[in-house]
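Hello,

I am passing this structure on to you. Please open it first; my notes come after it.

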Amino acid sequence: MKIKSHSSFFLLFLIAITHTNVCLAECDNVKDYCPTSTKPQKQAIFINGLSCENPDNTSAHDFKSNELSKPGSRDDFGALVKIVTASKFVGLNTLGLAIGRSDIEVDGLVNLHNHPRATEMVYVNQGRLLAAFLNTQNQLFQKNLNAGDVFIIPKGLFHFFLNRGEQVATLFSVFNSQNPGLGSLSAQPSQSENTLQLVEKIKMKLNSLSHSQLHGDSDLTSVLLDIVSHY
């Protein structure tokens with residue numbers, strides 16, 4: 001009876017994996033590519049939550065995008081940030097990649113944030129800026145970057161960019177996840193200050209944080225907590 005029971009279970013298992021077209025994680029591909037289908041069909045294959053187009057309809061056009069040719073929408077911190085995933089750039093689907101662009105005005109800031117599912121590699125296209133990230137011990141790693149420089153931000157760590165140059169700084173990013181995610185601390189102005197005042201206050205605190213590290217301060221916890229308290 002046990003042998004028969006085990007055989008039945010094994011048969012059901014084979015049937016299940018044979019007819020399942022879903023991958024719930026960023027697993028290794030079994031196909032060369034799988035551009036996102038813009039018109040999902042009933043029998044579409046789903047990998048990482050996005051359906052693949054019919055291989056017969058795949059063309060070189062699927063692997064080209066002009067999504068980063070223009071900056072994104074400006075925020076209160078003077079930055080224009082755009083992250084492009086496989087929903088907009090279909091050729092990225094199943095490849096474990098996403099791309100981004102940030103344009104930061106003079107004295108502008110890409111505010112403290114993280115990407116919980118991806119490491120970010122940043123390439124500075126133009127301008128001069130300060131790039132920095134905080135590890136889980138509140139240690140600050142920072143570097144002044146110029147055009148042509150590359151900087152790495154490890155997966156899940158909070159980071160920010162400050163434009164310290166005299167022109168708009170533009171940087172391009174590559175993420176090693178199809179869906180890097182975006183975690184941020186949402187700033188809420190108090191009744192005694194407006195959004196502009198809050199933005200300037202956060203900029204001053206982040207400058208204070210980088211200044212403290214440059215001068216060898218070993219304990220940045222109090223500075224970091226002071227920044228977070230404004231969110």
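Below are notes on charged pairs and on backbone angles.

Please keep in mind that this is a predicted model.

Salt bridges

A search of the whole structure gives 2 salt bridges. In one of them, the side chain of Glu105 meets that of Arg74, at 3.3 Å from N to O. Glu105 is partly exposed, because its relative accessibility is 25%. Arg74 has a relative accessible area of 57% and therefore counts as exposed.

Asp103 and Arg101 also form a salt bridge through their side chains, at 2.7 Å from N to O. Both Asp103 and Arg101 are buried.

As background, side chains of opposite charge can pair when their charged atoms come close.

Positive phi angles

Most residues other than glycine have a negative phi. Thr94 has a positive phi, near 75°, and is not a glycine. Thr94 sits in the loop between β4 and β5. Is Thr94 buried or exposed? With a relative accessibility of 6%, Thr94 counts as buried.

Asp107 is not a glycine either, and its phi is positive at about 65°. Asp107 is exposed, because its relative accessibility is 54%.

Regards

Notes: Residues numbered from 1 in each chain as written. Predicted model: local features only at pLDDT ≥ 70, side-chain atom pairs only at ≥ 80, totals over all residues. Heavy atoms only, no water. Salt bridge = Lys/Arg side-chain N within 4 Å of Asp/Glu carboxyl O. Buried < 20%, exposed > 50% of the residue type's maximum accessible area, 1.4 Å probe, protein only. Helix = DSSP H or I, 4+ residues; strand = E, 2+ residues; numbered from the N terminus.
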